[in-house]
Amino acid sequence: MKSICLLLILTLFAAFPAHADEEENSGGKKETIALPRFAALRYSEVNLRTGPGTRYPIEWVYRRAGMPVEIIAAFDLWYRIRDFEGAEGWVHKTKLRMDRRGMVTGQIHELRDDPNEKASIAAHLEPGVIFDIKSCAPEWCKARGKNFSGYLRKSDFFGAYPQEKFD
């Protein structure tokens, strides 16, 4: 009976996203991070579970380090995430890194030298290409990959909110 009640409480808790979580910074101090937010998979093998704990079944195994995911809730040492296809589940917080990554979605998109449609094309990026997001304005983000750097429209990738701005 206790395990059924605990499962019910965890299920109800998972339905309500957390607004913030504490994360230890490089100086060893706790910082509060706002949720939802984007992060990236730390390893090339990350288990997505049906609940916040190792006793929950593995629903999917991600095999792409650096892939961006959206953290939508937190429970103890676990984050509920959503991927670019909309799949949701739980991963241990050590499996994520908080740096900003983007992943090209849809079709081939043009990376521009400047943040406007008339700027020179720096590269053509295929769906699935992962890159670092260096900064974002309301419509464009500065993208940097292994062999490219330039600006990409937010609508061309997964990893930033529509009106989000940061440097």
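User: Which residues form a disulfide, and how far apart are their sulfur atoms?

Analyst: Cys136 and Cys141 form it, with their sulfur atoms 1.9 Å apart, where a disulfide is a pair of cysteine sulfur atoms within 2.5 Å. The model is a predicted one, in which local features need pLDDT of at least 70 and side-chain atom pairs count only at pLDDT 80 or more, whereas totals for chains, interfaces and linings use all residues. Residues are numbered from 1 along each chain as its sequence is written, and side-chain values use heavy atoms, with hydrogens and water left out.

User: What is the handedness of the Cys136 and Cys141 link?

Analyst: The link is right-handed, with 105° about the S-S bond, and the structure holds one disulfide.

User: Is Cys136 buried or exposed?

Analyst: Cys136 is buried, at a relative accessible area of 7%, and Cys141 is buried too, at 1% relative accessibility. Buried here means under 20% relative accessible area, exposed over 50%, and partly exposed in between, with a 1.4 Å probe and protein chains only.

User: Changing topic, which residues touch the most other members in the largest nonpolar core?

Analyst: That core has 17 residues, and those touching the most other members are Leu41, Tyr62, Met67, Ile71, Tyr79, Ile81 and Leu96. Two or more residues come from each of strand S3 (37-41), strand S4 (46-49), S6 and strand S7 (78-82), and S6 gives the most, with three residues. A nonpolar core is a set of buried Ala, Val, Leu, Ile, Met, Phe, Trp, Tyr and Cys residues joined through side-chain atoms within 4.5 Å, while strands (E, at least two residues) and helices (H or I, at least four) are DSSP runs numbered from the N terminus.

User: And what does Ile81 touch?

Analyst: Leaving out residues up to four places away in sequence, Ile81 touches residues including Leu48, Tyr62, Val69, Ile71, Val91 and Leu96, a contact being heavy atoms within 4.5 Å. A second, separate core of 13 residues includes Val104, Leu111, Phe131 and Ile133.

User: Back to S6, where does Ala74 lie?

Analyst: Ala74 lies in strand S6, which covers residues 68-75, and Ala74 is buried, with a relative accessible area of 8%. The C-alpha atoms of Ala74 and Lys93 are separated by 8.9 Å, the two residues being 19 apart along the chain.

User: How many helices and strands does the protein have?

Analyst: The secondary structure comes to one helix and 16 strands, and buried residues make up 41% of the 167 residues.
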